[in-house]
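User: Hi! Could you walk me through this model? I have it open and would like to start with a contact list.
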Amino acid sequence: QVQLQESGPGLVKPSQTLSLTCTVSGGSITENYRSWRWIRQVPGKGLEWMGAIQYTGNTYYNPSLQRRASISRDTSRNQFTLQLNSVTPEDTAVYYCAGVDSIRWEYLYWGQGTQVTVSS
């Protein structure tokens, strides 16, 4: 059974960089056709796809983040990491990591989510 667990600080100051890690257990992040994604939910709004790292290592980002987001991976630890630069209070959200079957475009796995608050 594949499980995902987000980890990172719950409080970040404005203008700093937010860094969150998703640890995957029970499966490999290099498994063929898997896409590993970061998604967030801002209070009162819907889910926002932030970006993804493919099983190949290729990355894709939501243009609305204006190049503030970066996703990387550590295959030896079976983890992938989101960095979001220059955060503002508008980045306060619950952040989720997820695993997707990139052929069927089906979300297969979700982390439980982690609350991040941007505040001085």
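User: Which residues does Tyr95 touch, leaving out those up to four places away in sequence?
Analyst: Tyr95 is in contact (heavy atoms within 4.5 Å) with Glu6, Leu18, Leu20, Ile39, Arg40, Met50, Leu82, Leu84, Gly113, Thr114 and Val116.

User: Before I go on, what am I looking at, and how are things counted?
Analyst: This is a predicted model, where local features need pLDDT of at least 70 and side-chain atom pairs count only at pLDDT 80 or more, while totals for chains, interfaces and linings use all residues. Residues are numbered from 1 along each chain as its sequence is written, and side-chain values use heavy atoms, with hydrogens and water left out.

User: Thanks! Which residues touch the most other members of the largest nonpolar core?
Analyst: Tyr95 is one of them, along with Leu4, Leu18, Val24, Trp36, Trp38 and Phe80, in a core of 26 residues. A nonpolar core here is a set of buried Ala, Val, Leu, Ile, Met, Phe, Trp, Tyr and Cys residues joined through side-chain atoms within 4.5 Å. Buried means under 20% relative accessible area, exposed over 50%, and partly exposed in between (1.4 Å probe, protein chains only).

User: And which elements give two or more residues to this core?
Analyst: Those are β3 (18-25), β4 (34-41), β5 (47-54), β7 (69-74), β8 (79-84), β9 (93-101) and β11 (114-118). β3 gives the most, with four residues. Strands are DSSP runs (E, at least two residues), numbered from the N terminus.

User: How do β4 and β5 run relative to each other, parallel or antiparallel?
Analyst: They are antiparallel, joined by seven bridges; two strands pair if DSSP finds at least two bridges between them. Ser35 stands opposite Gln54 in β5. The two strands form a hairpin with five residues between them, and Gly44 in the turn has a positive phi of about 80°.

User: What about β5 and β6?
Analyst: β5 also pairs with β6 (residues 59-61) in the antiparallel sense, over three bridges, and Ile53 stands opposite Thr59 in β6. This hairpin has four residues between its strands, with Gly57 in the turn at a positive phi of about 100°.

User: Switching topic: is Leu47 buried or exposed?
Analyst: Leu47 lies in strand β5 and counts as exposed because its relative accessibility is 52%. Together with Tyr107 and Trp110, Leu47 forms a nonpolar surface patch with about 300 Å² of accessible area. Such patches take residues with over 30% relative accessible area and no salt bridge, with nonpolar side chains (Val, Leu, Ile, Met, Phe, Trp, Tyr) joined within 5 Å. The areas come from the Shrake-Rupley method with a 1.4 Å probe, and for residues only the protein chains shown count as cover.

User: Now charges. How many salt bridges does the structure hold?
Analyst: Eight, each being a side-chain nitrogen of Lys or Arg within 4 Å of a carboxyl oxygen of Asp or Glu.

User: Which residue pairs with Arg40?
Analyst: Asp91, with the closest N and O atoms 2.8 Å apart. The pair links distant parts of the chain, 51 residues apart: Arg40 is in strand β4 and Asp91 in the loop between β8 and β9. Arg40 counts as buried because its relative accessible area is 5%, and Asp91 is buried too, at 2%.

User: Which residues do shared partners join into one network?
Analyst: Glu31, Arg34, Asp101, Arg104 and Glu106.

Conventions. Patch = residues over 30% accessible without salt bridge, like charges linked within 9 Å, V, L, I, M, F, W, Y side chains within 5 Å.
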